[in-house]
Every structure is written in structure tokens, then in C-alpha cells.
Amino acid sequence: MLLLHGWPDDASTWDDVAPSVAGAGYRVLVPTLRGFGATRFRNGASPRTGNSGIHAIDMMALMDALGIERFSVAGHDWGSNIAEALAVGWPDRVERITMLSTPPRLGGMPTPTFEQAQLYWYHWFMATPRGEQAVRADPHGFAHIHWENWAPADWFDEATFRRVARSFDNPDWIDVTLHSYRSRWENAAPDPRSEWLETKIKATATLSLPTLFIKGDVDGVTRQESFATVPKKFDGPFEMVGLPGVGHFPTREAPAKVADLLIHFLNGDRP
């Protein structure tokens, strides 16, 4: 079971989920995404890219290095779209996917409604030179405002945020972050090595593998109306679960519930 974190977060988002999944008999892998934490680019000339496709290629390189042929994957936020990309690119190796909080990009990303675009202000902000300058000047402050806005008040303590924010001190975090958001709206090209996969995601209307989608019912960045089209993207076994009172970070806000859903899903008890 591959567990993938999102943004602005790190692999510790799974700390209260992974032990339960492992206790249910699954081998659990919780990698850190490129640009976060202690990760480093071995080639200084490599582009600091962050589109979903190149993250998926990273994960397949990890699976190959570990000799793992078939696996399931759960991803939160960025990890949600990486899970989707893995299923599109390697359908013979991915058994099941769980997506948390962030809708799929199958078939391409339509321009959002004005209401959703308002919540995506940070996407557009990072696409501008002044926005980039502001993020480079205060990356922790930029991440912190999303923790404040994306879930109910007082859902986290400052000590936790400070621990997680150390992952954002990675020298590549800002460049990977900027590229991730710019590339999704075609303000930057995807990593050339992943163009084939990004093209395939846009050309894929639906997925048929078993899929569980978990969302918070008070998510502060994705309007509930934006989740309405998610079931149409899956023509196989599919279930969407909304968590009352939970915002954008279910793995941190309701880890016991997420772990329970994952275990039942992996065991084939649901959907």
C-alpha cells in the first residue's frame, strides 16, 4: 500500500493512519515527494518540476527499485492526482486507488466556476511574478494561510505546523510548488519525461479499477459542488465518502476514520 502526501503537507500526514493499515496485514510505504523534506535532486541540472505525471514516474521508479509489481495507492491532495496518474499510466500494476480531497483530472481540467476560482486564488497568485516573489520571501507564511483556510477553525496546533513546515525548507520546494500549479493551468509545460502520461490522462475519460474517494464535508478549498462530477469519472466499483465536520486534511483531522475506510476498501468490503 503506497500512501502519498499532498501540499502544503508532508509524509507525516499519514502518521496516524499507516500503523493501522500495516496492522491489518499490509506492507505500507510512505515516501516523501520530490522537493519536500530531505529529498534531493541527484543531478543539479534536472528541472525542478512538480506536475502529477512526473511525480507518478518517481513513484514507479521507487516501486521498480523495491521489486514491487502490483500495489494499491492512496493519495491526499497532490497525492490524489498522483494516484490517478499511476492508474492511468500503469493499469496492469495498480490494483486499487483511494483519492482524498482533490478531484480527478481525467479528461483534462475545465476552467473552474467563478466561485471555485475564487478559492483557487493561490493558483493564480503563483502564476504572476509578484506572487512568485512573495512565496519565495515567505514560504512558511504562504503554507500557513492554507492550513488556516482549508479546514475548520482550530483544527491544528502551531507546533504541528512548525514540524511539517521544516519539509518546506527544502531548497527545491518553491520551484516544485510553482511548477506544479503553473503546469496544471498551462502556464508552464509539464516535465518533458511525463508529457506522454499527461496526454494520456487528458485523453482518459473514465477509470474502471476499484476506487474510493474521501472528502471532507467542510473542505475550505474545494466547493462541495465541485465534487459532484467525481462519480462520473469512474465506471467500475466506486464509492465516495463524505466526512462531516472535516475540512481538506482528513488524514490529520479524522485519521481513525480514514484508516478504517482504507482497510475495509483494501479488504474488498467496500464499495
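**Cavity, pockets and helix packing**

Author: The largest cavity is lined by Gly50, Asn51, Ser52, His55, Trp78, Asn81, Ile82, Arg105, Ser180 and Arg184. A cavity here is a set of points, on a 1 Å grid over the protein atoms alone, where a 1.4 Å probe fits but cannot get out, and lining residues have an atom within 4 Å of a point.

Reader: Thanks! Before we go on, what kind of model is this, and how are residues numbered?
Author: It is a predicted model, where local features need pLDDT of at least 70 and side-chain atom pairs count only at pLDDT 80 or more, while totals for chains, interfaces and linings use all residues. Residues are numbered from 1 along each chain as its sequence is written, and side-chain values use heavy atoms, with hydrogens and water left out.

Reader: Good. What volume does the largest cavity have?
Author: The volume of the largest cavity is about 40 Å³. A volume is the space filled by probe spheres set on the points, with grid points joined across faces, edges and corners. The count by this rule is one cavity of 30 Å³ or more.

Reader: Which helix gives the most to the lining of the largest cavity?
Author: That is α3, with three residues. Helices α2 (52-66), α3 and α9 each supply at least two. Helices (H or I, at least four residues) and strands (E, at least two) are DSSP runs, numbered from the N terminus.

Reader: Switching to pockets: how much space lies in the largest pocket?
Author: About 620 Å³. Its lining has 32 residues, and Pro103, Pro104, Pro110, Tyr120 and Ser226 are the closest to its centre. A pocket is an open set with protein on both sides within 12 Å along at least five of seven lines.

Reader: Which helices supply at least two residues each to the lining of the largest pocket?
Author: Those are α3 (78-89), α4 (114-119), α5 (121-126) and α9 (173-184). By class, the lining of the largest pocket divides into 14 nonpolar, 11 polar and seven charged residues.

Reader: What about the second largest pocket?
Author: About 410 Å³ of space lies in it. It has 17 lining residues, with Arg34, Arg40, Phe41, Arg42 and Asp58 nearest its centre. The lining of the second largest pocket has eight nonpolar, four polar and five charged residues.

Reader: Now the packing. How do α2 and α3 cross?
Author: Their axes come within 8 Å and cross at roughly 70 degrees. That makes α2 roughly perpendicular to α3, and the crossing is right-handed. Axes are lines fitted to C-alpha atoms, for helices over the stretch in contact, and angles run from 0 to 180 degrees between N-to-C directions. Angles under 35 degrees count as roughly parallel, over 145 as roughly antiparallel, 65 to 115 as roughly perpendicular and the rest as oblique. A crossing is left-handed if the near helix is turned anticlockwise from the far one by less than a right angle, and right-handed if clockwise.

Reader: Which residues of α2 and α3 make the contact?
Author: Ser52, His55, Ala56, Met59 and Met60 of α2 touch Trp78, Asn81, Ile82, Ala85 and Leu86 of α3. Contact means heavy atoms within 4.5 Å. By class, the contact of α2 with α3 has seven nonpolar, three polar and no charged residues.

Reader: And where do α3 and α10 meet?
Author: Glu84, Ala85, Val88 and Gly89 in α3 meet Trp196, Leu197, Lys200 and Ile201 in α10. The axes of α3 and α10 (residues 195-203) come within 10 Å and cross at roughly 90 degrees, so α3 and α10 are roughly perpendicular to each other.

Notes. Nonpolar A, V, L, I, M, F, W, Y, C, P; charged D, E, K, R; others polar.
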